[in-house]
There are 2 protein chains.
Amino acid sequence: MTSHMTPEQFREHGHAAVDWVADYWERIEAHPVLSQVAPGDVARAVPPRPPVAGEPFEQVLADLASVVTPGLTHWQHPSHFGYFPANTSGPSVLADLVCAGLGVQGMLWATSPACTELETAMLDWLVDLLDLPKRFRSDSAGGGVIQDSASSATLVATLAALHRATDGAWGRQGVRGRHTIYTSTQGHSSIEKAARIAGIGDANVRLVDVDPATLAMRPEALRRMIEADRAAGALPTMVVATVGTTSTTAIDPVAAIGEVCRDLGVWLHVDAAYAGSAAVCPELRWTHAGVEHADSYCFDPHKWLLTGFDCDAFWVADRGELIQALSVLPEYLRNAATESGAVIDYRDWQVPLGRRFRALKLWFTMRWYGVEGLREHIRRGVDLAQQFAARVRADERFEVVAPHPLSLVCFRLRPLAGEGEAAADARNEELLRRLNASGRLYLTHTRVNDRHTLRMAIGAPATEERHVTAAWEAIQRTAAELLG
Amino acid sequence: MTSHMTPEQFREHGHAAVDWVADYWERIEAHPVLSQVAPGDVARAVPPRPPVAGEPFEQVLADLASVVTPGLTHWQHPSHFGYFPANTSGPSVLADLVCAGLGVQGMLWATSPACTELETAMLDWLVDLLDLPKRFRSDSAGGGVIQDSASSATLVATLAALHRATDGAWGRQGVRGRHTIYTSTQGHSSIEKAARIAGIGDANVRLVDVDPATLAMRPEALRRMIEADRAAGALPTMVVATVGTTSTTAIDPVAAIGEVCRDLGVWLHVDAAYAGSAAVCPELRWTHAGVEHADSYCFDPHKWLLTGFDCDAFWVADRGELIQALSVLPEYLRNAATESGAVIDYRDWQVPLGRRFRALKLWFTMRWYGVEGLREHIRRGVDLAQQFAARVRADERFEVVAPHPLSLVCFRLRPLAGEGEAAADARNEELLRRLNASGRLYLTHTRVNDRHTLRMAIGAPATEERHVTAAWEAIQRTAAELLG
């Protein structure tokens with residue numbers, strides 16, 4: 001007999017696994033935020049080959065603590081202030097459990113209609129929740145889909161833009177000629193990667209100047225660049241405007257960029273991977289001014305909206321173009337529902353064929369929190385960040401180096417009198433290194449106007465005011481050590 | 001206060017969610033295999049917008065039964081014989097729960113070293129388990145990584161092949177010239193899709209003839225096609241050989257194809273998405289003869305190896321080429337571990353940036369079953385399929401239309417005396433329609449030598465001999481109705 005886990009065993013071991021996760025969350029502050037292992041430490045704890053005979057579940061669960069936990073950087077730790085938040089929540093985790101337990105495939109409507117229709121409904125809910133343009137809704141010409149990440153959303157947008165720019169010839173013949181893509185100097189690295197993957201080449205990603213104070217794209221520089229490229233024989237294909245850049249949460253002027261795109265006939269993709277969640281709050285919707293110009297738009301509920309990775313929400317204004325760009329229909333996938341034209345087959349909206357039932361985690365999360373709960377979560381992150389920025393400003397050794405409208409604050413130690421920027425950069429690097437090595441908090445860095453800058457990204461659901469206070473005290477203390 | 005789910009609430013609701021899944025598995029046979037809903041039925045059961053206030057978890061869980069379950073096609077049902085199996089298992093589901101609960105990001109080694117190192121170790125375990133070439137191991141020049149699907153593995157292989165074919169110029173400049181990709185007429189649709197995504201164009205996917213009896217690629221036809229294309233100015237870039245095609249599980253002669261690729265300097269990718277799992281059993285490793293020639297190889301533990309979607313295992317013989325093809329390093333991702341060169345950053349091995357801790361489900365599953373348990377599972381699927389094929393052969397109304405070395409049997413009703421093929425096709429289509437409409441079993445179809453053919457794909461963990469017997473009896477009974 002193959003020893004499949006019976007439903008009764010699953011019940012028993014499942015309760016133990018749930019308890020393991022609950023215990024992990026309860027005790028998460030006991031761990032250093034940043035893993036302290038050296039390269040190879042985890043690998044050495046794993047036997048060189050799989051066991052011949054099966055092992056008890058209890059043993060596997062016990063090994064999590066010995067093998068895995070020391071090698072984790074704890075993203076759900078309340079003092080994880082690195083990168084952007086990677087929120088998850090109880091309802092999201094339990095939806096992932098149900099998703100895994102059902103084990104259905106959503107590649108076609110027919111392969112599990114609920115997987116497709118609940119996803120469409122949830123993406124429509126999100127349009128409502130963020131007050132996004134109605135043309136993204138499934139009852140218009142547009143529609144939404146879950147991608148694994150904003151990187152994949154950018155890639156899919158690039159493909160639809162290539163399809164449009166070539167009247168569909170691209171799909172058959174491949175890339176011909178020099179297609180160009182535009183983003184600001186602050187655009188995400190996934191744009192370069194998408195250009196490479198799509199056969200455009202990263203040399204054809206054109207970086208548009210920003211205002212040095214706001215770090216937002218200059219629309220007139222964009223216009224001039226597109227016009228010059230076109231005059232030189234290039235094929236301007238897509239502009240990626242960013243609402244909340246990864247470096248500093250700069251917000252590009254989407255309305256003005258949208259006008260340029262409309263005038264010059266170029267696809268506009270809006271990447272709001274992190275900052276999209278802010279639009280849950282009416283008072284933060286100014287960040288989204290102009291998104292009605294977008295041909296496509298994405299944000300990541302898995303960043304700041306309490307829905308675990310992977311869950312990027314991506315919309316297009318014209319689903320027909322997207323489907324034409326990506327549809328390939330072999331015999332073994334033909335079915336009556338597809339041929340009726342009455343259903344969505346989400347495999348045609350993404351790179352992979354197979355897909356999980358990820359809509360469940362949006363459903364569970366939005367229902368558990370409600371609109372009010374989600375707003376409160378966002379507001380708390382923004383409030384804590386503003387408090388933090390005020391504290392940085394009040395300490396003359398430090399400077400805040402970029403606007404911080406949301407929950408990220410970029411700051412640094414100022415250069416000492418008469419000191420060059422290189423020395424100050426080195427001191428900021430050392431400050432970051434010491435803070436992270438302490439295990440008590442975790443921050444990451446960027447460069448702003450070419451200067452080394454610390455990023456304090458708030459927004460984990462477990463983060464309370466006391467954690468931000470403790471972080472600031474650690475930063476001050478460590479700075480004092482460095483400044484002698 | 002934002003109403004985050006506390007660890008204590010998570011414990012309580014988590015136990016309920018585990019019980020829900022256990023109950024679902026216990027009662028799965030009560031459901032029709034193929035969902036009986038009509039387009040729009042599920043959507044109509046969902047309110048038009050998210051609730052303003054949060055709702056109790058109990059309500060959400062209760063709505064699974066009313067809103068979701070009727071709209072599922074039950075892939076874990078023991079009488080799901082469609083497509084290929086999409087195995088999951090108790091240990092895999094619980095690993096997904098732990099993965100979701102930890103909520104860590106594995107994009108870089110530094111962002112959770114255990115996520116990377118356990119993945120590398122598990123891919124090395126799989127090399128051992130399947131007896132794959134040693135050069136795929138992480139202690140050689142190669143290495144393995146989890147992709148979401150074989151589609152993404154094929155895309156990533158295409159990108160590495162483009163990188164190699166152009167000495168890296170592709171990454172900067174984009175696709176220039178007519179790159180061509182080769183697979184058999186039986187190759188998977190994801191190859192065409194990858195060619196489109198990569199900017200090669202699906203017209204440049206060249207379909208090589210197969211032997212009409214085995215449906216396996218003819219290596220000499222491949223050689224002639226590549227030589228002719230090259231003479232005509234094309235840039236032959238990659239061959240995709242298939243071990244176990246989606247249509248019929250045909251097995252391409254990889255050793256002979258490998259010689260062609262070596263002689264002509266073309267990247268060889270081996271797609272063993274479904275059949276790779278067979279190599280767990282020594283007596284089935286003949287299917288993998290010649291994979292030592294592969295530059296890249298993939299199979300899907302999420303198909304037939306008891307590890308839930310998404311989990312495609314992908315290896316390259318030279319990880320350096322892959323990393324060069326896909327690496328983009330912005331300032332905000334720089335870190336000391338990456339710069340030391342001592343670690344793997346898996347973001348450079350895939351399309352997206354972010355990644356989940358999917359190695360946990362390979363770890364849990366291989367440890368729960370052990371090598372012996374996994375072999376027994378594969379053998380049982382193969383045995384049941386061979387029994388089924390013998391029954392089809394013993395009934396003169398039917399014919400088996402392709403080799404069936406693994407757990408898929410392709411069969412059809414023969415044409416009646418004096419009847420054309422079109423009439424027989426229509427009868428087979430109607431046979432399939434009636435079987436699936438019954439809800440008692442689910443099969444899908446293909447075309448073999450242009451004739452409508454039913455596919456009986458065995459291999460779900462819950463499938464026992466009685467389910468296969470019941471399926472065959474339903475097929476016979478329905479055929480009798482149709483034949484009058």
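Q: The radius of gyration is taken over C-alpha atoms, and the globule rule is 2.2 Å times the number of residues to the power 0.38. With 484 residues, what radius of gyration does chain A have?
A: This is a predicted model in which local features need pLDDT of at least 70 and side-chain atom pairs count only at pLDDT 80 or more, while totals for chains, interfaces and linings use all residues. Residues are numbered from 1 along each chain as its sequence is written, and chains are lettered from A and ligands numbered from 1 in the order in which they are written. For 484 residues, a compact globule would come out near 23 Å, and chain A agrees with that at 24 Å.

Q: What percentage of the 484 residues in chain A is buried?
A: Let's set the cut-offs: a residue is buried if 20 or more other C-beta atoms, placed from the backbone, lie within 10 Å of its own, exposed if 12 or fewer, and partly exposed in between. The C-alpha trace of chain A spans about 70 × 70 × 45 Å along its principal axes. Within chain A, the buried share is 61%.

Q: Which helix of chain A gives the most residues to the side that touches chain B?
A: Contact here asks for C-beta atoms, placed from the backbone, within 7 Å, and by that test 126 residues of chain A meet 126 residues of chain B. On the chain A side they divide into 63 nonpolar, 41 polar and 22 charged; Ala, Val, Leu, Ile, Met, Phe, Trp, Tyr, Cys and Pro count as nonpolar, Asp, Glu, Lys and Arg as charged, and the others, Gly among them, as polar. Helices (H or I, at least four residues) and strands (E, at least two) are DSSP runs, numbered from the N terminus. With 16 residues on this side, the top contributor is residues 7-26, helix α1.

Q: How far apart are the end C-alpha atoms of helix α5 (residues 113-130) of chain B?
A: This helix is mostly covered, with 17 of its 18 residues buried, and B:Asp131, with a positive phi near 55°, follows it. The expected span is 1.5 Å times one less than the number of residues. That rule gives 26 Å for α5 of chain B, and the model agrees, so the end-to-end distance is 26 Å.

Q: Which are the edge strands of the open sheet of 7 strands in chain A?
A: Strands pair if DSSP finds at least two bridges between them. The sheet runs in the order β1-β7-β6-β5-β4-β2-β3 with mixed pairing; inside it, β2 (residues 179-184) and β4 (residues 235-242) of chain A are parallel over 4 bridges, and A:Thr180 stands opposite A:Pro236 in β4. An edge strand pairs on one side only, and here those are β1 (143-147) and β3 (205-208).

Q: How many C-beta neighbours does B:Tyr83 have inside 10 Å?
A: B:Tyr83 is in the loop between α3 (57-68) and α4 (90-102) of chain B. Its phi is positive, about 45°, although it is not a glycine. B:Tyr83 counts as buried because its C-beta neighbours inside 10 Å number 23.

Notes: Contact = placed C-beta atoms within 7 Å.
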